[in-house]
Amino acid sequence: MTDTARTARAGVPERPSLDGLEETWARHWQEEGTYAFDRSKERSDVYAIDTPPPTVSGELHMGHVFSYTHTDMVARFQRMRGRTVFYPMGWDDNGLPTERRVQNVYGVRCDPSLPYDPHWQPPVTPVSEERRKDPTPIDRRNFVALCERLTAADEQVFEALWRRLGLSVDWSLTYTTIGRVARATSQRAFLRNLARGEAYQAEAPTLWDVGFATAVAQAELEDRERPGAYHRLRFTGPGGREVLIDTTRPELLPACVALVCHPDDERYADLVGRSVRSPVFAVEVPVRAHPVADPAKGTGIAMVCTFGDLTDVTWWRELQLDTRVVIGRDGRLLPEAPHGVPAEPYAALAGQTVNGARRTMVQLLADAGDLVGEPRAITHPVKFYERGDRPLEIVSTRQWYLRNGGRDAGLREQLLARGGELRWVPEHMKHRYDHWVGGLTGDWLVSRQRFFGVPVPVWYRLDDVGEPDWSHPLTPDEAMLPVDPSSDPAPGFEESQRGLPGGFVGDPDVLDTWATSSLTPQIVGGWETDPDLFSRVFPMDLRPQGQEIIRTWLFSTVVRAHLEHGVLPWRDAVLSGWILDPDRKKMSKSKGNVVTPMALLEQHGSDAVRYWAANGKPGMDLAFDPAQIKVGRRLATKLLNASRFALGLGAADALRAPATAPLDTAMLAELSGVVAAATSAFDSYDHTAALQVTETFFWRFCDDYIELVKERAYGSGPGAESARAALATALSVQLRLFAPVLPYVAEEVWSWWRYGSVHRATWPTTYEVGRAVEGPADPHLLRLAGDALGQVRRAKSERKLSMKAEVPLAEALGPAPLLEQLTLIADDLRAAGRIAKLDLLPDRTPELVIACAF
């Protein structure tokens, strides 16, 4: 049921307070199903939101509060506009962050070679730092169970915070990216990609995080400035010619497969097509030309190693060079020298870490006389996995890829066109999408060598000697999904045949977490499992998200919807800005400058925190400012007290009665403009402008209008009835204008005098406000009255008099037309200013002046 029908009015409390509103109304909304999605509505009446599932691997911070409040304001506005809002919540709980958190909390690591131990129990007390540094190996099944256990606890904490913040989520639609539905959806999409040739497997150079021991995709890279050194090495060319190259990675010398120069570089033109001999190892390597080579960098000729960086991969692929891999997945140099490299000098490097091998190689070069000069210290960008703490290496591995336009110009153009169809808020964020898609250098690497994730749903036949047939993967029927090839037998095989010649082996990898998160519209929308729901919500209306994951979440979701459905997954994308600390630096866990929200919510109230968040526009950064939160609490408190005062004058009984007095109709005329401006701003996803225009009017309403009419409203007769009618309409409208931003106080006040929930009430319209006006309505009249009253107050303040002090005589000077307008509200001005006599003196001054005599 919903509470829009007949919830009893609470009546006006004697001493209204903000304290305790969150507990009261959050419980009430849940019990009454206030935000439940009505799946009987047609698609045209649905507003569907693809809510970001926060990563469940730590604490929520003010950046989360900032962006999720923005989404909630959209949901509340659309609901009041008459749409049934599809507003789910998800938890992104699979992947590397969860595994790392489990390792830190329990002091364990996964060793998939270990057999399952049904009696193993995790530690019941926090583990020591030593235990974290030397984690205990446990089997995969127990490790995954620990991940599930920890994320379940984290999700409860996250949900409690979201509920307190007042997110109008339908909690019955909650999902997780490791849940059964998500696993089946992710595997189904992958199998269809595979069947259409969009997913493929390849042995290729792979960006590899040594610490996490997994492959990393291009979208997950970041450059970090690190100290290094240029070493100048001497190669020997034909006739004993000296060929010098500069490198920051001398340890990769045994992996050298060529030297490369620019085609137009005359210094090396005679060497192109010939060979040179490497120092220490005396390996003959070819000299080739390629336009990517930079003549101005170093000596103008570069060493190509397999593989030192992404440029090496480009040269290796386009020049069809040999492969000499020396770095293994553990980040150490392989125990055996690569083909064509003499074993004796390589033995000094075998098994060493990269840094250790670098020191050894430098010494070998110096001993051979082939290190020219001293190393030159530099600082340069080094590629890292965005969550890693060790530089990436490039190793050759077998991985799964998904076509994303990186190697297909036609698909790239289609995906760029999709970006052009999308409504971007703010619009300039589209450039980031275009830049990313246009700069792709390869397809999306979607497999990961981890454990807590969605398994790649394929198996491989083993031949007579036990070797896998990689080119013909075995796939399950979709009805079997989800599957885990590490524990489920391949179709047509028995479990007893696992790992045996003639039997099968399961793919050991899991899918990249983005390969599942890119399907959030399909996961929560019931793709292939609930066609009726899917037809009502997909494609969705809104994707709200952070600007930093345009290249990952937004782009990958566009890719999956384009390949599977041939459409955009949503109509609009609203991008959040960043939260800055007081020094204007981006808040991040790595910098240690984040602020966690629960204490602020408890101290100031959720409405106050939401007010702070609402002051940040989409795409714009916002500084964390506790003073702004205090302003929000003051606003919420004023809304309580002003409402109590207005209702105490009898406004509740005057709703829908006409306002006839000039000041009353003037106030409503200005309010009509506020409604139009706020509605237009919300339609444009500009919640900040909507709040500003509403708040500005509210303070004028409190400070000027109420003070001007309260004496009249206390009385009887047509003037009093008009004042009470105007107060009722204004209060009703303003509560609804504030409801998306300040949901708790708006609901509290609404319950005093109206039935149902303010959040199920209709959004105010200019027609509604205009219907309450009878007679002329000039919005400038309210500002004129406020100006006049302000001058009277200022005169009293300058004389240090009470605002209740009598003014024996006040003279109003100004242009005659202006004073004619003033006569329309003269009685209200005299009452509010406690003016005994008000004289009007036209054409004495060019603008309004109120002179008070005491």
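I looked up Arg249 and found it buried, with a relative accessible area of 15%, where buried means under 20% relative accessible area, exposed over 50% and partly exposed in between, with a 1.4 Å probe and protein chains only. I was working on a predicted model, in which local features need pLDDT of at least 70 and side-chain atom pairs count only at pLDDT 80 or more, while totals for chains, interfaces and linings use all residues. I number residues from 1 along each chain as its sequence is written, and side-chain values use heavy atoms, with hydrogens and water left out.

I then followed Arg249 to its partner: the side chain of Glu393 meets that of Arg249 in a salt bridge at 3.0 Å, N to O, a salt bridge being a side-chain nitrogen of Lys or Arg within 4 Å of a carboxyl oxygen of Asp or Glu. The two residues are 144 apart and link distant parts of the chain, with Glu393 in strand E16 (residues 393–402) and Arg249 in the loop between E10 and strand E11 (256–261); helices (H or I, at least four residues) and strands (E, at least two) are DSSP runs, numbered from the N terminus. I noted that Glu393 is buried as well, with a relative accessible area of 7%.

I next checked Arg376, whose side chain meets that of Asp246 in a salt bridge (3.3 Å, N to O). This pair again links distant parts of the chain, Arg376 in strand E15 (residues 376–385) and Asp246 in strand E10 (residues 242–247), 130 residues apart. Arg376 is partly exposed at a relative accessible area of 37%, whereas Asp246 counts as buried at 12% relative accessibility.

I also looked up Arg192, which forms a salt bridge with Glu478, the closest N and O atoms being 2.9 Å apart. Arg192 sits in helix H6 (residues 180–195) and Glu478 in the loop between strand E20 (459–461) and strand E21 (504–506), 286 residues apart. Glu478 is partly exposed, with a relative accessible area of 31%. My count for the model came to 51 salt bridges.

I turned to helix packing and found the axes of H20 (residues 687–714) and H21 (residues 718–738) coming within 11 Å and crossing at roughly 160 degrees; axes are lines fitted to C-alpha atoms, for helices over the stretch in contact, and angles run from 0 to 180 degrees between N-to-C directions. H20 and H21 are therefore roughly antiparallel to each other, given that angles under 35 degrees count as roughly parallel, over 145 as roughly antiparallel, 65 to 115 as roughly perpendicular and the rest as oblique.

For comparison I took H3 (residues 96–106) and H5 (residues 140–165), which pack at an angle of about 95 degrees with their axes 10 Å apart. H3 and H5 are therefore roughly perpendicular to each other. Among the residues making the contact I noted Val102 and Tyr106 of H3 and Phe143 and Leu150 of H5, contact meaning heavy atoms within 4.5 Å.

Leaving aside neighbours within four places in sequence, Val807 is in contact with residues including Val792, Lys796, Ile835 and Phe854. Val807 and Lys796 are eleven residues apart in sequence and 8.7 Å apart in space, C-alpha to C-alpha.
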